[in-house]
Amino acid sequence: MTEFTGPTGPIRDVTTGMTVIDTGGETVGTVDEVHMADAGAATGAGQSPDQPGGTVAWIAEAFRGNSEMGQQAQERLIRLGYVRIDASGLFSGHRYVEADQIAAVAGDQVQLSVTADQLFR
């Protein structure tokens, strides 16, 4: 069994306030929140939303106000880790980047491996 020892990949270097650039070179917005992977996170299957502090309640709170993303996508982001972007312009509102969609972090910029329209909202 492999023991999870902490964040890996470029997400470990992401901090709030950084500028996020998509693969086409367009500015998507700024980092609003960073959530590291939780490989042991349970899914909502078989859990009651009435459990105080349960996984389902936590997921609902983490993505509050986000009507376009399904529960499976939300659970995937929790397990893999994600960056929430405060997007601007045509892509205003929050966007969510999976940890594996981060190509690099340099200076105060996060470079994505996808275009802005491929991000969860």
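Two strands pair if DSSP finds at least two bridges between them, and the helices (H or I, at least four residues) and strands (E, at least two) named in these legends are DSSP runs, numbered from the N terminus. The structure is a predicted model, in which local features need pLDDT of at least 70 and side-chain atom pairs count only at pLDDT 80 or more, while totals for chains, interfaces and linings use all residues. Residues are numbered from 1 along each chain as its sequence is written, and side-chain values use heavy atoms, with hydrogens and water left out.

**View 1. The open sheet has 6 strands with mixed pairing.**
The strands of this sheet stand in the order S4-S3-S2-S1-S6-S5. Strand S4 (93–98) and S5 are the edge strands, each of which pairs on one side only. As background, strands of a sheet pair through backbone hydrogen bonds, either parallel or antiparallel.

**View 2. S1 and S2 form a hairpin.**
Strand S1 (residues 19–21) pairs with strand S2 (residues 27–35) in the antiparallel sense, over 3 bridges. Within this pairing, Val 20 stands opposite Gly 29 in S2, and Ile 21 stands opposite Thr 27 in S2. There are 5 residues between the two strands, and Gly 25 in the turn has a positive phi of about 85 degrees.

**View 3. S2 also runs antiparallel to strand S3 (residues 82–87).**
S2 and S3 are joined by 6 bridges, and Val 31 has Ile 85 in S3 as its bridge partner. His 35 also lies in strand S2. Is His 35 buried or exposed? His 35 counts as buried because its relative accessibility is 15%, given that buried means under 20% relative accessible area, exposed over 50%, and partly exposed in between (1.4 Å probe, protein chains only). The C-alpha atoms of His 35 and Gly 81 are separated by 5.3 Å, although these residues are 46 apart along the chain.

**View 4. Helix H2 (residues 71–80) lies across S2, S3 and S4.**
The helix runs at about 55 degrees to S4. Its buried residues are Ala 73, Gln 74, Glu 75, Leu 77 and Ile 78. After H2 comes Gly 81, whose phi is positive, near 95 degrees.

**View 5. The largest nonpolar core has 17 residues.**
A nonpolar core is a set of buried Ala, Val, Leu, Ile, Met, Phe, Trp, Tyr and Cys residues joined through side-chain atoms within 4.5 Å. In the largest core, the members that touch the most other members are Val 28, Val 83, Ile 85, Ile 102, Val 110 and Leu 112. S2, S3 and strand S6 (109–112) are the elements that give two or more residues to this core, and the largest share, 3 residues, comes from S3. Apart from this core lies another, of 6 residues, among them Ala 73, Leu 77, Tyr 82 and Tyr 96. Contact means heavy atoms within 4.5 Å, and, leaving aside neighbours within four places in sequence, the contacts of Ile 102 include Pro 10, Val 83, Val 97, Val 110 and Leu 112.

**View 6. Arg 95 is found in strand S4.**
Arg 95 counts as buried because its relative accessibility is 6%. Which residues is Arg 95 in contact with, leaving aside its neighbours within four places in sequence? They are Val 83, Arg 84, Ile 85, Ala 87, Leu 119, Phe 120 and Arg 121.

**View 7. Ala 104 lies in strand S5 (residues 102–106).**
Ala 104 counts as partly exposed because its relative accessibility is 35%. Leaving aside neighbours within four places in sequence, Ala 104 is in contact with Pro 10, Gln 109, Val 110 and Gln 111. The C-alpha atoms of Ala 104 and Asp 13 are separated by 9.0 Å, with the two residues 91 apart along the chain.

Notes:
Axes fitted to C-alpha atoms, helices over the stretch in contact; angles between N-to-C directions.
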